[in-house]
Amino acid sequence: MRRLSSAMIFNSRAFRDEREADWLRLEQLVSRAEGGSVRSLSDDELLALPVLYRAALSSLSVARETSLDAELIGYLEQLCTRAYFFVYGVHTTFGARMSSFFRRDWPAAVQGLWRETLISLALMLAGALAAFMLVSSDPGWYSAIIPEGLAAGRDPSATTEFLREGLYESQGTDALSVFAASLFTHNAQVSIFAFALGFAFGVPSSLLIAYNGTMIGAFFALYADHGLTYELGGWLMIHGSTELFAIVLAGAAGLHIGTRVAFPGAQGRLMWAVAAARCTR
């Protein structure tokens, strides 16, 4: 046992002596990068970083395989973990990444979906126009389009004063807040489902976008009947423009995925769907 223990100690020491210089150099480079940035390293040091990282991984593998002392294995695991983020990680700050997203990534994704965006917008406008004409000709259609919980008393039986108070008067603030929160929740759900269900050949996405348009058209028909078209339009410009735009974009992304699933080409539906989803991010 003493002979075996002495041999293991000797092997561990020999293993450490042979490779420790590379570990220390890697640790030094990583510490400098952590203290400032990767840009503080010279070109030669940047080229040496992945080489030293792979050498440390090899040492860790050997140390685990030969059951060397736990302290050495723990040191190498920690060193390799720290080095990994500088070799393969994202070398930008959160603020820079967000700035890049809003300045380049997001506009490029929207630009790439311009056809689907126009189709999505056309579906919403068509639904709004159809519902407006239906409710204007027969108010009974209103309850068939607008859920009772979302209407919150805003139906054909409501008075003009009640509808106007919901848009302007201070005593209607609480009710207006509840209505705005309910509308926001509804629009968020429509956006999520319009995108997530796009894989079903885009059919659910198209129906959701069109249905959301019918709700807008039904509301406009109700308020127009009471002479409040201008007031409702102003309220929606403030409270609903971003949400409606989000629905249009989410629907466009769902249609984009659905198109790729319906017409996969040589790569297959799954590969096309994954590629299409990445292009919409």
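1. Glutamate 77 is partly exposed, at 31% relative accessibility. The terms are set as follows: buried means under 20% relative accessible area, exposed over 50%, and partly exposed in between (1.4 Å probe, protein chains only). The model is a predicted one, in which local features need pLDDT of at least 70 and side-chain atom pairs count only at pLDDT 80 or more, while totals for chains, interfaces and linings use all residues. Residues are numbered from 1 along each chain as its sequence is written, and side-chain values use heavy atoms, with hydrogens and water left out.

2. Glutamate 77 takes part in a salt bridge (a side-chain nitrogen of Lys or Arg within 4 Å of a carboxyl oxygen of Asp or Glu). The partner is arginine 64, and the closest N and O atoms are 2.6 Å apart. Because arginine 64 lies in helix 2 and glutamate 77 in helix 3 (residues 70-87), the pair ties together parts that are 13 residues apart in sequence. Helices here are DSSP runs (H or I, at least four residues), numbered from the N terminus. Arginine 64 is partly exposed, with 47% relative accessibility.

3. By the rule above, the count comes to three salt bridges. Another of them joins glutamate 45 to arginine 32, with 2.7 Å between the closest N and O atoms. This pair links distant parts of the chain, since glutamate 45 belongs to helix 2 (residues 43-65) and arginine 32 to helix 1, 13 residues apart. Glutamate 45 counts as buried, at 17% relative accessibility, whereas arginine 32 is partly exposed, with a relative accessible area of 34%.

4. A further salt bridge is formed by glutamate 20 and arginine 16, whose closest N and O atoms are 3.9 Å apart. Both residues lie in helix 1 (residues 2-35), four residues apart, or about one turn of the helix. Glutamate 20 is partly exposed at 26%, and arginine 16 is partly exposed at 25%.

5. The largest pocket has a volume of about 290 Å³. On a 1 Å grid over the protein atoms alone, a pocket is an open set of points where a 1.4 Å probe fits, with protein on both sides within 12 Å along at least five of seven lines; lining residues have an atom within 4 Å of a point. A volume is the space filled by probe spheres set on the points, which are joined across faces, edges and corners.

6. Fourteen residues line the largest pocket, and Leu121, Met124, Leu125, Ile216 and Leu244 lie nearest its centre. Helix 5 gives the most to this lining, with five residues.

Definitions and conventions
Helix = DSSP H or I, 4+ residues; strand = E, 2+ residues; numbered from the N terminus.
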